[in-house]
Each structure stands twice: as C-alpha cells, then as structure tokens.
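Subject: Structure handover, salt bridges

Hello,

Here is the structure I promised to pass on. Please open it alongside this note.

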Amino acid sequence: MFLKDNQSGQTILVSRQSGSPLTAANAQSVPSALSADGRFVLYFSQATNIIAGATDTNGPMEDVFLFDRDAGSTSLVSRMSGAPTTTSNGPSFAGDMSDDGRYVVFQSNGTNLVEDMLDTNGSLDVFLYDRVTQSLELISRSANNPGHTADAQSSIGSISNDGRAIVYNSYASDLVEGQVEAAIGLDVFLHHRKTGATRLVSRAFGNPVATANGDSFLAQGSRSALSSDGRYVLYTTSATNIVPGVVDDNASFDVYLFDSELGLSNLVSRSSGSPSVTPNGSSGGSELSADGRYVLFSSSATQVAGVTNDANGFSDTFLFDRMTEAAKLISRAEGQVTVTANGGSVPMGLSNDGQTVLYRTFATNVINDVADSMESPDLFVFDVSSDATRLVTRSAGNAASTANGDARAGVLSGDGLAVLFSSSASDLLPSGEDANGLIDQFRFDVVHGTVSAVSTGVANIAVTVNDSSYSASISPDGNSIIYSTSANNVIAGHFDPLTNDQFFLLNLQASSRSALTCSAVVPNQAANGPSFNETLSGDGNWLLYDSYATDLIQGGTGTDTNIIHVYLMNVADRTNILVSRSFIGPSNGANASSRGAALSHDGSRVLFNSEATDLVQGQIDAPATGDVFLYDRDSGTTTLLSNRSGNPLEACGSSIGSSIGYAISSDGDRALFATGCPEIGAGVLDDNGFADVFVADLSASSRVLVSHEAGNPNRTANGNSDGLKISATGGTVLFQSDATNLVSNSVDTNSTVDVFLHDLSSGASTLVSSAFDNPSVAANGSATAFDLSADGQRVLFQSQASNLVGDIDANSAADVFLFDRAGQTRLISRAWTGLSASGDGNSTPQDLSADGRWVLFNSEATNLVEGLVDSNGSESDAFVWDAHDGSISPISLAAGPGSVTANKASFGTRIHDSGNHVLVVTEATNFMAGVADGNAEYDVYVASRAFVLFQDGFE
C-alpha cells in the first residue's frame, strides 16, 4: 500500500516492515481511511512484521494499523488490552477516523481488546481507539451492562469529524435500554461518546426504542452516512412504519434522513406528487454532505424529482435538498432537467458542501457534443449551482470524445476539486504514455479539466501453458497460490514426461513459480502419477492432497499405480509425509485407496477416508467398506474413527454404505463424519436405514449423534443425513438431510433435502432453509449446503425454493442464499433492478470468507450487475457479494474497454478472507490484456482490487 503526494510527486510505502521504510510488510494490506490533512493513514493488514517486537496472537488474521506520515511511524490499533504491541485474539477490520486522526473506529472479532470485557456473541463488535491516550473503548455494548458486548453482530459505519458520534449497523437486540424488536434483522444505531448513550435510528414512529418493521442499513458509502457534526444519519430501509402518514406500497427499499436532535426521520426518496408517498421503485442512499443538507441517492423509480421522461429502465442519480425538501435529477440528458439520460447511472461522490456530484453512467447523451461509441461506462462531474456537467474520462487526443476504455471506480475529494479513478482506457494520457494494456489509476483536476497518472502498471506480456490448469488454494497472507495443471511447460528445466496433473506454487510477491509434486527419486522431474484434491492448512504451511504417484517419498509406496494415497506436504521445504500408510511402516502404502478429507489449522491432524484394511494394527474390517481415520502428524499414529461401539479396532461396516469423513475443527479435536452403520453410537437407537451424522470428540474419546430426532439425542432422525462442515471452534455443525423430525414442531412437506445447523452445546438443530414467513416451515424446494463461517454464524447454501425470502423468485432456477443465525436469510444472486428479484439464470455458491462477509459465487444470470454486458451468453461468470452493503462485483471481466464479461465460461474457486483476491478458472481468451492464450483450455488467474482519496485531493 502506497501514498502519493501529487504536489511533490513523492510516493512512500505505507505498509512497511518495521525499521525499513523501503521494505514491504510480509502480507497484504488494505487502505481504509485518511485524515483530512493526509497525515494519518488507517489500514488493516495480515502482516506480522509492521510493529517492532510485536506479538501476533491471531496468526494470519487481519489487524488494524494507523500510519503517521510526519513521524514515519505505525501504531497497532487492534491491540490486546494493556499490551500495545500484542494483537487481539481475532481478526479486525479498519473503518473510519476523525478529521484529525485522533479517534479510530473499527470492527473486530477479538475478545481481549478491552479489559474485563465479556464477549458472548461470537461475532464482530465495534470499538473506538484514541490515538492520544492509546485507549480502547467498546462501542457496540449492551445497554444493560456496558462491560458486555451486544448480543449479536455489529459492523462499522461512520464517525463524526470531532469523533464524538459513531453510527453503525447491528443485528443486536440489547443496544438500547428497553429495545423492542419488531422483526429480527439489521438496524442502524447512533452512539454519542460524550453521554455514552446509544440511540436507535431506524425506529418505528412514536417509539424511540422499537425497531422499524424492515431491514435498515447505512448508505452504501458508509463513511459518508453521517454529517460532520453527527446530527444527521443517512440510511436505507425496507420498513414502512418510520414516518406517520407515509404511503409505502413499493415493496422495496427507500431512503431516509434521521435528525438526532429532533429524533425524527424524513423520507428522502419521495414521489414527485407527494412528500408522503414512496416512489414506484427501489432507492438507495449514497452520500451525505458535511452539514447534512444534501443527500445523494439513486433510484430505479420513475416518479422522483419531477421526472417527465424516464425510459432507460435503469437506476438514476438524484440530489435531495433538506432545506427546500426538493430533489434534483443529476444524471440527465443535456438541456433537459426532467429527462433521464439514456443509460443507467451510479452515484460515486458528493463534495463536502454538496455542490459537486461525481457519477458513473453508460448513457451517451449526457453531453451532446461528446462522441461516445465505446458502450462502456464513463465518469461525469455535475456542478449543482450552475447545472453544468463535465466529462471526466475523456480522450487526451480529442476532448469531444470519451476515452477508449471503461471507468471502473471513482472517488471525489472533499472540496470537489479532484477525482481519483481507475480505468482500462489507454488514451486518457497523451499518445504513447499508457501502453501497458492494464487498468491504471488517474487523477482528474476538476478546475483545469486535466488528467494525470497516479500509478502506471508494468507491461505483463505472458503466454498460457500448453494444457488445462485448475485453481487450488490461496495462502492466508494472500501471497501464494497453489494450483494444479497437466501442462508440461510451466517451469524451464522441470521434466514431466507423463503430463499428469501436478501442483505448482505461484509466489505473487516474487512473481516466481516452483513445482511441488516432484519425484523424490529423480531431481527436477514430476511425480509419476497425477495429484489432486488439495487442502491447505489454516496457517498455510501444510498441503494435504491425494495422488496416484508412487515416488513422492524416498523408498516409494510400492508399484501399484492404481491405488490413491494421501500425502501431507511441508510447503516450506517440499517434503512429503505419507498419511495413508500401513501400520508396518511410514513408507509402506496402505493396501487400498484413501482420500484426504480435512486438515486442522496447524496441519497436525488429518481426517481421511479409506478402503484399506491395514492402516491400524489389529484392524478388523468386514465387510470391507470405506472407513474414517485420523492421522496425528506429531505422534505418527493413525486412529480408526468409524469403529463399532465398544471395539476401537473394528470398522463399523454396513450394507447401507461407507462411512465418510467431512470436516475437522481448527484444533483437530472434533471430527465430523457420516455413516450408515447402526452400531456406531453407544446407546443410540438407529432404525432409520439411512446414513446419520456424528461428531467424534477426540479429547473426550466420545461420539455425539448430530442428526437425531428433536428432543431425543439418542435416536436417529427419520431420513438420510450428510455432514458438510464444522465451525472453527468445533461447536457448530452444518449438515443436510431429508429427515422431517430434526427440529421440534417443524413442518416439512417438501419431500426433499433441507439444510440444518446443529449446536453441540445445546444439542438442538436449526432449520436453515426455512420459509421466510415461518422459521419452523421448510421452504418449498430442495437446498444444498456449501459453507460455514468460522464462528458458525453464517451459512452459504443453494436452493431452488421460491419462498426462502420475501422477494420475487420466478426464475425456476437455483439461487444462492446466506443465512445468519440472527434469523435473516439473504438472497445473494439477485437482479440489480431491485433488491427483490432473483437473477435470470442458475447460480452456484462457491466460497465464503471466514468472517462470513464475502461470498464468491458463479452464475449464468445476465442481470446481476447494472450495465454489465454478458458476452458469453448463458455460460458461467464469477461474482463476489459483500455482506456489508449487499453489492455484487463481477470478477470474470474481459480486459480492455467496458464492463463486459470474458468471452467464455469462468468459475471463481476461492476467495481470500480479505475479499481482495479471487482465484478464477476460465476458458476465456480475453481475461487479461497482453496474454497470448492459444491452449484452448482452462487457465488460472488471480483477480485483485481498492483505493481511497484524501479530502484535499492531493494524496
């Protein structure tokens, strides 16, 4: 992460190693906020060498840092109480800071930031750091006990200029004394540090402690959701009971402005005909001027601001004046103040005084004498006082023409005099100055109308390898990619005579590649069999994988190349341990195939499945079906987990099928598996004739039945159940089942598979895939579980049901959903035209970040992102969804001009926990500029993103 002073031209490294201003920190860093004078930079990072003598207790998780440009020093913000150089014990993410950089507000999963704090919600909380006193304060605290965190997740929004007021989102029900929850969902709260009081913003009219009857959240640009003095709050809501007398029948989201002095909200997104009627479409808040007078928002409605002609079918940009209570159309056709432009627009920035607006649009008639033939979005600046519009992304060689590429992001400085933006265009600068064919960052001077380069890339000409490649894993620090390919020309001098699938490691920082699955017998030669099914440990040091190769370890594993063996590799030195070994010795392969299932965080314990009968000395295995085993790296021992009750050496065979291991807790003490054997649980009555789910607790040498009849922990449920995942702490299990009696008083008439969560402490299961209007009723279609957040609070799943959320689902296709244990289910694969409609094609979930914020999914839908041109038709594209603002970002875009999908199918496979790196496998030949793709096969790419601008626009 770098800081550039546009006056002096100097660029400095911000995310630096302690004591070395020219050496980058040892992991990825992400900027978050900047002080008004550009002195302080707030960011979060996974690096462990930023603070001298620091103790990093949370491993590869994110921590929050504050960089002082004047002093050249960095402070650890998310610190353990009483230990300024020791990180908290959970991930932390930066949010916002006061103008002078003294007060920093951030969110964290840590439980040891404040002395004697009791944290029982197992989720994110909001904290404030005082740079001067170096103290930390819990903001999202229980009203009944300020030493306790609130009872559910809270996420950061904005802090006032003086640091006295903080606004944030929360699912909690105890932030305000006497709080009454109208519906379990997201609400907006305002905390005043001077009084210590927290107020409910999204409140039902007439009752300051009763939540409104719909979800409410801060404006999309949450750092601009609060006026500078903390009086006004901008938010978006689906609630209908906030202002008395308002007629709200659009069944969608509307924009409100809360006045904390009066304790009242004002409807911003109102119909032209009446200030007390919502318009006929969805609206979303964007930004608020410093004094809270002007509100920038977007709306797909056609009845806003006196618009007489809105035929573009997309969202438009509006500015509301609180003093006059009138709205103005910003994204207009030139010379026609009540006619929308001929393309949709997205608001991107509002100056502090509310007089300058930055927006992005596909429209071609914003300025009549500008030629626009690229079919890609451009940036415009609108001057409110003069009603004049200026083109930001214009060709340097022709001021009357848009640039030859798209504008992908934009930020307006606080004074409205500078725009920072990124673009794929090559003609924003004079001829020949931008020839790298990449996306670069630029600065537009609003006064002089000039464009200058902030960063220019280095040409990256490459040629794809000569066969298919498949994505594998990304390291916790985001710097290493492990992938599989059958190509034999990846590394010069590496000999691969059989062109089998092999693993390679790509170091992004060093831009180097190295072979992983090499022969232990012949140097610089690939192993003699294909390797696949990789899992990387949580600390990134160990790789679990399967292979047919027999020469991965010294001495080999025999001559049978038809047997699959399980290996554990030390990534640092490339040495392999044979996991699926016969009890005879560590280099003797087992007598039948095995497959790796899961790995503990530190790679010390391996859960695997095997048909072998010689893994454990004395093993009794009849009938010889698949069984579940645990390998301990430290002791070198293997334990049979799916054993018959009462005999640790007898595999519990069954005519119903094999036992299958699925997941293991981070500490390796709890393993999740399913089995059809009716004699595996002591005292368990198993008469269902189906597979059931168990958790083996290794520390207690016990097994617990997960898929049991409600209220009866020792009797299996009446259907087939499959395990999927266990939370990092081992307390929550995600599984799926067609049983109908797993939850008390539930109604399940769909005759198909549903998704469930099981709490091992209480022994109770929760129906995840339930109808939106009744959590005890199974939805009307099948559901498939995919992933679980580390804390067990969020579930990613797919379903064809049409009643999981109160939205329109008429696509007759599979959609992606995220369930929160607070009680909310959100549709992820939704159409951009409103928050209430599913996409127009099948969507499949792929990956969930550990904190549950980022969702990676693939979709055949063509209407998920406004303005996105889908060039590959019904083929799959990759997308990322952000739980903080509900936004969807396309990942598999074609290089070059326009927001256009790549020309063939693409699949996202992994997302880094920061949300900033996505692994993509694609057949497309135009995914990256300068790449010669002639293999007609799948290739692997890593996509990344993010930047911020100071208020004065100079840095």
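Below is what turned up on salt bridges.

First, a caution: this is a predicted model. It holds 23 salt bridges.

Glutamate 137 and arginine 193 form a salt bridge, with their closest N and O atoms 3.7 Å apart. Glutamate 137 sits in strand S14, while arginine 193 is in the loop between strands S17 and S18, so the pair ties together parts that are 56 residues apart in sequence. Glutamate 137 is partly exposed, at 22% relative accessible area. Arginine 193 is also partly exposed, at 23%.

Next, glutamate 325 and arginine 270. Their side chains meet in a salt bridge at 3.4 Å, N to O. This pair links distant parts of the chain, 55 residues apart. Glutamate 325 lies in the loop between strands S25 and S26, and arginine 270 in the loop between strands S22 and S23. Is arginine 270 buried or exposed? Its relative accessibility is 10%, so arginine 270 counts as buried. Glutamate 325 is partly exposed, at 39%.

Then glutamate 534 and arginine 910. Their closest N and O atoms are 3.3 Å apart, in another salt bridge. Glutamate 534 is in strand S42 and arginine 910 in strand S68, 376 residues apart. Glutamate 534 counts as buried at 13% relative accessibility, whereas arginine 910 is partly exposed at 27%.

Best wishes

Notes:
Residues numbered from 1 in each chain as written. Predicted model: local features only at pLDDT ≥ 70, side-chain atom pairs only at ≥ 80, totals over all residues. Heavy atoms only, no water. Salt bridge = Lys/Arg side-chain N within 4 Å of Asp/Glu carboxyl O. Helix = DSSP H or I, 4+ residues; strand = E, 2+ residues; numbered from the N terminus. Buried < 20%, exposed > 50% of the residue type's maximum accessible area, 1.4 Å probe, protein only.
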